[in-house]
Structure formats: C-alpha cells, structure tokens
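Subject: Structure handover

Hello,

Please find the structure below. My notes on it follow.

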Amino acid sequence: MERVKQLPEKQVTRDMNGHLEGRTADNASPRRVPGESSSGGDGWRDERPRSVEDNEVSLPSLATAYSTILRGLGENPDRQGLLKTPWRAAKAMQFFTKGYQESITDVLNDAIFDEDHDEMVIVKDIDMFSMCEHHLVPFIGKVHIGYLPNKRVLGLSKLARIVEIYSRRLQVQERLTKQIAVAITEALQPCGVGVVIEATHMCMVMRGVQKMNSKTVTSTMLGFFREDPKTREEFLTLIRS
C-alpha cells in the first residue's frame, strides 16, 4: 500500500464548551490544554508536575483533608474502622494520579527504533483507569491506538505506558484522547495517528442520571487518519474486529 509520506496534520480538539475545533500545521496553535506544554513540539519531554518527594511531603495534608471530609459527612474519624482511612485514602489518591510523577521521556527512552515499515500498527483493548476531574470518581474503559510509521517504530508496550501516564491523572476523556495522540505524534513524527477511547463513567452510573449501560466514545485522528477516509476506515474496522 503506497502512501504519500507527508500531509498537513489536522487536529480535532474541543473548546471549553465541548465544541469541535480544527487546525492544520500551518495555522495558529489551538488552545492549550492541561498537561501540554506551551513551549512547542518537545513539550512532552519535560512533563513531570509532581515528584516522589512531593508525595511524601503532601501525604500528611492529604490525610488531614480526608479526615475533614469524613467529619463533613457526619462520620467519626476516630472510630476503629476509620482510624487509618484518611492515610489509606491519601495514599490511594496519590496512586490513582501517579501519572503526574512520570514523564514520556522516561517511558520512551531507548524504545524508538529505525525501521523501514510503512503499514499500520495497531494496539487495541488497552485497559484504562482514570479519575474524572469534575467529580473525583473513576472512569474505566479501553484505548485503541493506531499509527502509520515514518521510518521509525515504537516498542509496543510503550503505547500502553503512554496511556497509563496520561490516564493516571485527573482527566476528562476528550483531553485524554488528544494527549495520547499528540504524545505519539511528537515522539515518532509518524504519517498519522488514531486514538479511540471507550469508557464507562461512574459519575453517570453511580450518581446523576444513573445510566448503568452508557458508554462514552471519543477519538482523535491526526495526519493520514484525519485526511484519508480509507486509512481511517481501515483503522476503525480493525479495532472493531
């Protein structure tokens, strides 16, 4: 299958009201989203908003905050069953958001290889666990990633690691989808990238509308996946097979 190697990339993003915005590489940059650098194409290299040392320093204040929450709910943090709950909850929250203390550079180190391969690479059904930043409850699902190499390939397990870094943060699914696609694009400079996420949100299942079987599907298509309908169709067909 022959493909012209370079096409203007067009990224699909969402504005603050959830409306779609598009741009090509020749246009002005889109609105910056949390977790992306404003310094340009290498922004993914130096992302590390939190360190392991920060965890140790902040743990007591997090535990105190959970004690306050328990009291606000009408509970007694000093009763036997809750004595260690604030500390357990604080440590759990740090684990749920451990993506803040990891960087893409750490993950991709020595895992990008020169390879004369120009056919689609897909890793699908990557388990994903994240935390909704609006209600601090989980959303859980699957991530499907495909890319068209441009003389370089990425170690397959690293795609799952990229998902882990960005999902283990306070997120909205739309931003998470884009961050994964942009990180792969900036690291590999492939001919195209496609990312699809299917997830169940506990904020819709446990509260609010309480729709048990609802799923949210989001996608980001860059390069050929955006510009070429046949490439996009091939990707979507393969992840559903």
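Tyr 147 has Val 193 of β8 as its bridge partner, and Leu 148 is bridged to Gly 192, also in β8. Note that this is a predicted model. Ten bridges join β5 to β8, and the two strands run antiparallel. On from there, Gly 192 has Gly 223 of β9 as its bridge partner. The pairing of β8 with β9 is antiparallel too, over eight bridges.

These strands belong to an open sheet of five, ordered β7-β4-β5-β8-β9, with mixed pairing. The edges are β7 (170-171) and β9 (216-223); each has a single partner strand, so one side of each has no neighbour in the sheet. As for burial, β8 is mostly covered, with nine of its ten residues buried.

α4 lies across β4, β5 and β7, and its direction is at about 20° to β4. α5 packs on the sheet as well, touching β4, β5, β7, β8 and β9, and makes about 155° with the direction of β8.

Next, the nonpolar cores. The largest has 33 residues, of which Val 143, Ile 145, Ile 162 and Ile 180 touch the most other members. Two or more residues each come from α3 (104-108), β4 (121-132), β5 (138-148), β6 (152-154), α4 (156-167), α5 (173-188) and β8 (192-201). The most come from α5, which gives seven. Ile 180, neighbours within four places in sequence aside, is in contact with Val 143, Ile 145, Ile 162, Val 163, Tyr 166, Val 195 and Ile 197. Another core, of nine residues, lies apart from this one; Leu 148, Cys 191, Phe 225 and Ile 239 are among its members.

Last, a helix pair. α1 (residues 52-72) packs with α2 (residues 85-96) at an angle of about 125°, the axes being 8 Å apart. The two helices are therefore oblique to each other, and α1 passes α2 in a right-handed crossing. On the α1 side the contact is made by Asn 55, Ser 58, Leu 59, Pro 60, Leu 62, Ala 63, Tyr 66, Ser 67 and Leu 70. On the α2 side the residues are Thr 85, Pro 86, Trp 87, Ala 89, Ala 90, Lys 91, Met 93 and Gln 94.

Regards

Definitions and conventions
Residues are numbered from 1 along each chain as its sequence is written. This is a predicted model: local features need pLDDT of at least 70, side-chain atom pairs count only at pLDDT 80 or more; totals for chains, interfaces and linings use all residues. Side-chain values use heavy atoms; hydrogens and water are left out. A nonpolar core is a set of buried Ala, Val, Leu, Ile, Met, Phe, Trp, Tyr and Cys residues joined through side-chain atoms within 4.5 Å. Buried means under 20% relative accessible area, exposed over 50%, partly exposed in between (1.4 Å probe, protein chains only). Helices (H or I, at least four residues) and strands (E, at least two) are DSSP runs, numbered from the N terminus. Contact means heavy atoms within 4.5 Å. Two strands pair if DSSP finds at least two bridges between them. Axes are lines fitted to C-alpha atoms, for helices over the stretch in contact, and angles run from 0 to 180 degrees between N-to-C directions. Angles under 35 degrees count as roughly parallel, over 145 as roughly antiparallel, 65 to 115 as roughly perpendicular and the rest as oblique. A crossing is left-handed if the near helix is turned anticlockwise from the far one by less than a right angle, and right-handed if clockwise.
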